Amino acid sequence: MRKGFSFFLPIIFGLFAVNAGLAQTPVKVNSPDGHISVTVRLENGKLFYSVAHDSDIFLEDSPLGLKTSIGDFGEGLTFESSILNTIAEYYELNRAKVSKVEYRANEMVAAFTNSNEDTLKVIFRVSDRDVAFSYQLIGKDLNTKVKILNEATAFNLPDQATAFLSAQALPMTGWEQTKPSYEEGYTFDAPLGEASQYGVGYTFPALFKNESKGWLLISETGVDGTYPGSRLGASGTDGLFQLLFPQEGENNSIGATYAAMAMPAQTPWRTITLGKTLKPIVESTVAFDLVKPKYEASTDYQTGRAIWSWIVWQDGSINYEDQIKFIDLSAALNFEYVLIDNWWDANIGRDKMKELVDYARSKNVSVLLWYNSNGYWSNAPQTPQDFMNTAYKRQREMAWMQEIGVKGIKVDFFGGDKQTTMQLYEDILNDANNYGLGVVFHGCTLPRGWERMYPNYMSSEAVLASENLIFTQEASDQHAYKSTLHPFIRNTVGAMDFGPVFLNKRLTKDQQGGSIRRTTEAFELATGVLYFSPIQHFGLTPNNLDEQPQFVLDFLKEVPATWDETVYIGGEPGDYAAIARRKGEQWYVAVTNGKKEERSLELDLPMLKNAEITLIYDKLDRTAGLKLMKINKNGKLKLKLLGEGGAVISSN
C-alpha cells in the first residue's frame, strides 16, 4: 500500500430487521452514547425525520424523499422494513485536521415503496456528534438509469433558532460573471425567516444556534461527478429550509440542474453535527467518515506551506525577477512551495518557467502553477485558460508540467455546482493524479469529503478569502471579527485556502498606500494555525525577513500545515476563537480576538498541564512579543489580548 493512501476496515453488524407486517413507523436510531436520537415516521404516505439531543429537539419533523424520472418518492409511500446496524471503522488521513479516525455509529436502513413498487431506502447513521443520511433507489423492474429531478429533503429548525449563513449568489454575477463561488459574507445570529441576500438561499455549511440548548451545523459530503452540489433555500419564520439543486444559469447555463445516475442509485450524504457547545462541530470528521478513497495516489504528495507574490504584490509581480525573490523567500523560511499566479504564460513564458522550476528545485522549493478553469463559462480574462476544461488539452498540459518538475496546480473560476461541473472537478483531480500533480481549487465550490476521496486534492478557497484584505479597507476592518466565523463554519467541514498571515502594515508592495492592517502581528501568526489548509498560502513578502524578530521567523519555519489532532478550546462567532492542534508530540494553540476592545481570557488547556510553553503575545505597540512559561497543574492559562489581537501557544 502506498504511503498517503488512506485505508479503512469497516465492521458492520446487523442487529435486527423489522418487516412491514409486524411494525410501522415511527422507527428510531440513537447514537452509541445515547445522547443523539433520530426518529423517522410516515404520515399519510409522506416521510419525515426529527433529531434530538437528550431531551432537546434540534430538528423538528422535516421532510424526506425524492422526485425522479421513474416516479415520485416524496408521497404515496408505504413502509416495508427497517434494519439496525452497528458501524465500526478505523482509517487514516494525511491531509486533514486529524490523522487517525475511529468512526463508530449506529445505522438504520428504512425501506419504503411507492405506487410503482420501486423502493426508496433511507439510510441514517448516527455517531456521538453527527447525524448523516442518504437515499438509495432500487427499481422493481430493470432500470439502468434515473434522473433525480429534485428532493423533498428539508431541515426544520426550531422556531427560535438563529442562523449564521452565507448567501448563495446569483448565476453569472460578480466580477466578470464568475459567481457563484462561495465567496459571500455571513448573516450573524439572524432570526429565521430573514430574506437571503440575493433571494436564492444559502450555501453549505450552515450554522445554527438552538437558543441556549446548543449548536448544529448542516452540510453534505460525498458529492462527486454523479450528483450536483446542493444548497439551502431560504426559510420562513417556521424554520423550514428546503434542500435545492443548482440554479439554471450557473456555469453560463451549461448542463442540467438535476442528477442523472445509474441504477441502483445512491445520493450523497447530508450531515448534521450537533451538541451543547461548538466542540463537536470543530472536531467533527463526518465529511470523511462517510466516503471512501476513489483511487490510489500515483506519488507521495507533499503538503506544506507556500509563498505567493500575487496576494500583496499583485499582477505586476508575475515576472521572472520577482518570482526569484519569492522563491528565495520560501527557501529562507523552509517552506515547501511557491505559487506562481495568473498571467505567467504571457509574462514569464514556458521556457523561462522551466528555468524558474529548476532554480526553485535547487533551493528545495516546489512550484505550483495557476490556471483559469475554462474558456467559455465566465469572462475572467486571466491566462492560461482553456486548458483544464478539455481532456486532451488538460492531459497535454499536465504532461508538460510533469516533465519540467511542477508539483501542483491552482485552478480558478468554476462558477457553479451542477453535476457537469462536479464531474470537471473530478476529471481534473483524476488526470492530475496521473501526472503526479496536487490540486488546489479557487473560485470554486465547497469541498465535500474530498481530502479522503481524492489523494491529490489539497485545498479549496470557497470562502471570502484574504485577497479581499487587499481589495478593500472594509475587509481589513472586519478581518478579526471574521476570524471568529470561519473556524466554526466553513473550515469545520474541509480544507480552506484562505491565505493567512500578513505582517506588512499596509498591504501593498511599497507599503505607501492600500489597505491598512488592523490586526496585531500575534493575531496574524495565530491565523496560520487557526485556519486549516494542507497547502497553506501565506501572505508574506521578502521585506518581512528583515523586519521581523528571529522568533517570528522561527515560528514560520516550524509551523505545520497538517495535523494529527484538533481540539476546540473556546469561543463562538463574533466573540473569540481558540483552537488547539497537535502535530506529533507538539501542540499549537491559536487564539484570536474578534472584538475591537482588549480582553482577558482564561483558557482550559488539559493537554498542556505542567508543560513548558512558548507564548507569542500582543505587545502594547501591536508587534509580537515572546514569553517562555509553564502551564500550571490545572492546565489553566490567563491571556490578555489587545483589540483585534491574538496569541499563539506552542509546547516545547
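Reader: Does Thr 203 count as buried or exposed, and why?

Author: This is a predicted model, in which local features need pLDDT of at least 70 and side-chain atom pairs count only at pLDDT 80 or more, while totals for chains, interfaces and linings use all residues. Residues are numbered from 1 along each chain as its sequence is written, and side-chain values use heavy atoms, with hydrogens and water left out. Buried means under 20% relative accessible area, exposed over 50%, and partly exposed in between, with a 1.4 Å probe and protein chains only. Because Thr 203 has 3% relative accessibility, it counts as buried.

Reader: In which strand is Thr 203 found, and which residues does Thr 203 touch?

Author: Strands (E, at least two residues) and helices (H or I, at least four) are DSSP runs, numbered from the N terminus, and Thr 203 belongs to strand β16, residues 202-209. Contact means heavy atoms within 4.5 Å. Leaving out residues up to four places away in sequence, Thr 203 touches Ser 166, Ala 167, Gln 168 and Tyr 182.

Reader: Where is Asp 189 found, and what is its phi?

Author: Asp 189 is found in the loop between β14 and β15, and at 36% relative accessibility Asp 189 counts as partly exposed. Most residues other than glycine have a negative phi. Asp 189, however, has a positive value, near 55°.

Reader: Is Trp 313 buried or exposed, and what separates its C-alpha atom from that of Leu 507?

Author: Trp 313 lies in helix α3, residues 310-313, and counts as buried because its relative accessibility is 12%. Not counting residues up to four places away in sequence, Trp 313 touches Asp 322, Lys 325, Phe 326, Lys 509, Thr 541 and Pro 542. Although Trp 313 and Leu 507 are 194 residues apart along the chain, the separation of their C-alpha atoms is 8.4 Å.

Reader: Which residues touch the most other members of the largest nonpolar core, and which helix gives the most to this core?

Author: A nonpolar core is a set of buried Ala, Val, Leu, Ile, Met, Phe, Trp, Tyr and Cys residues joined through side-chain atoms within 4.5 Å. The largest has 165 residues, and those touching the most other members are Phe 124, Phe 441 and Leu 556. With six residues, the helix that gives the most to this core is α8, residues 419-434.

Reader: What radius of gyration does the protein chain have, and what would a compact globule have?

Author: The radius of gyration is taken over C-alpha atoms, and the globule rule is 2.2 Å times the number of residues to the power 0.38. For 652 residues, a compact globule would therefore have a value near 26 Å, with which the protein chain agrees, since its own radius of gyration is 25 Å.

Reader: What share of the residues of the protein chain count as buried?

Author: The protein chain holds 15 helices and 37 strands, and its C-alpha trace spans about 80 × 60 × 50 Å along its principal axes. Of its 652 residues, the share that count as buried is 63%.
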